[in-house]
Amino acid sequence: MQPHWTLNLKNGLKVNVPADLDNPVTLTLLEVEDWPEPEHAFLRQLIQPGLRLLDADTGLGLNALAMARGLNGAGQLIALNPDPLFARSVADNGLQAVIQTPTAPHTPVQPAPEQAAGDDAFDLIRLGAETPLDPRWLPSAEAETGPDPLIMLSSTNPAIPALRAAGLDLYRLIPALNALVAIAEEADVEKPATLFACRASRAAWLREQGRLILSA
C-alpha cells in the first residue's frame with residue numbers, strides 16, 4: 001500500500017490520505033481538519049437511517065464515509081471507483097456493515113437484505129464530473145413509480161441532458177440556508193458548480209426535510 005497518513009477529522013471520522021503534501025486533499029484536511037465544500041455539509045445533514053446511497057466517484061471517500069456514518073447502521077452505501085486507501089478508512093470507522101465496494105466498476109451491486117434482488121433504486125446518487133450515468137438509476141419520463149433518486153453532480157457532467165429528458169429538475173445549494181433552490185437552466189449557474197437533480201416526488205421529500213426552498 002502507498003505511504004499514507006490516517007487523519008482524525010473534526011467530525012470524528014478517520015480518513016486515510018496519501019502522505020504527500022502536494023496532494024490537494026491531504027493538504028486541505030491537514031489545514032482545516034474537515035472537507036470545506038458546502039455540499040459536503042449538506043449531505044451530512046440530509047442523510048438519515050434507512051436510505052440506500054450510491055457514490056459513483058468515491059476516491060478517498062470523504063463524502064462516502066460521511067454519508068455512511070449518517071445511516072447509523074441502517075441502510076446501504078455502494079462505493080464505486082474508490083482509491084485503494086478507502087478500504088482502510090472504512091475499517092477504521094467501523095462502517096463495513098453499511099458500505100459495499102464492488103470489486104470492479106461494472107460489477108452488479110447487491111441489494112440490501114430487505115430489498116428485492118435486482119433493485120437498482122437509490123435514494124441519493126453522487127456522480128463525478130465525468131461519471132457515466134446508468135439508465136437503470138433513472139425513472140422513465142412517463143413512469144409514476146420506479147427509481148426516484150436525488151442526484152448530485154457537476155455542472156460539467158454530460159449526463160445533464162439525460163436527466164432533463166427523464167423528467168428531473170435541476171437545483172443548486174444555498175449554503176447559508178443549507179437548502180436547495182430550483183434553477184431554470186444549468187447555464188444560470190457559474191461553471192464548474194455542483195448541481196442536484198430530482199423529480200417532483202423526491203423534491204417533496206426534500207421539502208419535508210427542510211432542505212428545499214420554494215420559489216416565490
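Okay, let's start with contacts, meaning heavy atoms within 4.5 Å. Among contacts in this protein between residues at least 6 apart in sequence, 61% join residues at least 24 apart.

Before going on, a word about the model. It's a predicted one, where local features need pLDDT of at least 70 and side-chain atom pairs count only at pLDDT 80 or more, while totals for chains, interfaces and linings use all residues. Residues are numbered from 1 along each chain as its sequence is written, and side-chain values use heavy atoms, with hydrogens and water left out.

So what's in here? The protein has six helices and eleven strands; these are DSSP runs numbered from the N terminus, H or I of at least four residues for helices and E of at least two for strands. Of the 216 residues, 48% are buried. Buried is under 20% relative accessible area, exposed is over 50%, and partly exposed is in between, using a 1.4 Å probe and protein chains only.

Now the sheet. Strands of a sheet pair through backbone hydrogen bonds, either parallel or antiparallel. Here we count two strands as paired if DSSP finds at least two bridges between them. Nine strands form an open sheet with mixed pairing, in the order β5-β4-β3-β6-β7-β10-β8-β9-β11. At the edges sit β5 (99-100) and β11 (212-213), each pairing on one side only. Helix α6, residues 200-208, packs on the sheet and touches β7, β8, β9, β10 and β11. Its direction makes about 115° with that of β10; axes are lines fitted to C-alpha atoms, for helices over the stretch in contact, and angles run from 0 to 180 degrees between N-to-C directions.

Let's zoom in on β3, residues 52-55. With β4 (residues 76-79) it pairs in the parallel sense over four bridges, and Asp55 stands opposite Ala79 there. With β6 (residues 124-126) it also runs parallel, joined by three bridges, and Leu53 has Leu124 as its bridge partner. Which way do the β3 residues point? Arg52 and Leu54 go one way, Leu53 and Asp55 go the other, and all are buried.

Next, the cores. A nonpolar core is a set of buried Ala, Val, Leu, Ile, Met, Phe, Trp, Tyr and Cys residues joined through side-chain atoms within 4.5 Å. The largest has 42 residues, and Leu29, Ile99 and Leu180 touch the most other members. Helix α3 gives the most to this core, with six residues. That helix, residues 62-70, is mostly covered: seven of its nine residues are buried, among them Leu65 and Ala68. Leaving aside neighbours within four places in sequence, Ile99 is in contact with Leu65, Ala68, Leu77, Ala79, Phe86 and Val90. A second, separate core of 21 residues includes Trp137 and Leu138.

Buried or exposed? Asn178 is buried, with a relative accessible area of 10%. Not counting residues up to four places away in sequence, Asn178 touches Pro38, Ala41, Phe42, Gln45, Leu173 and Arg211.

A search of the whole structure finds one cavity of 30 Å³ or more, and the largest cavity has a volume of about 30 Å³. On a 1 Å grid over the protein atoms alone, a cavity is a set of points where a 1.4 Å probe fits but cannot get out, and lining residues have an atom within 4 Å of a point. Grid points are joined across faces, edges and corners, and the volume is the space filled by probe spheres set on them. Its lining includes Leu53, Leu124 and Trp205.

Terms used. On a 1 Å grid over the protein atoms alone, a cavity is a set of points where a 1.4 Å probe fits but cannot get out, and a pocket is an open set with protein on both sides within 12 Å along at least five of seven lines; lining residues have an atom within 4 Å of a point.
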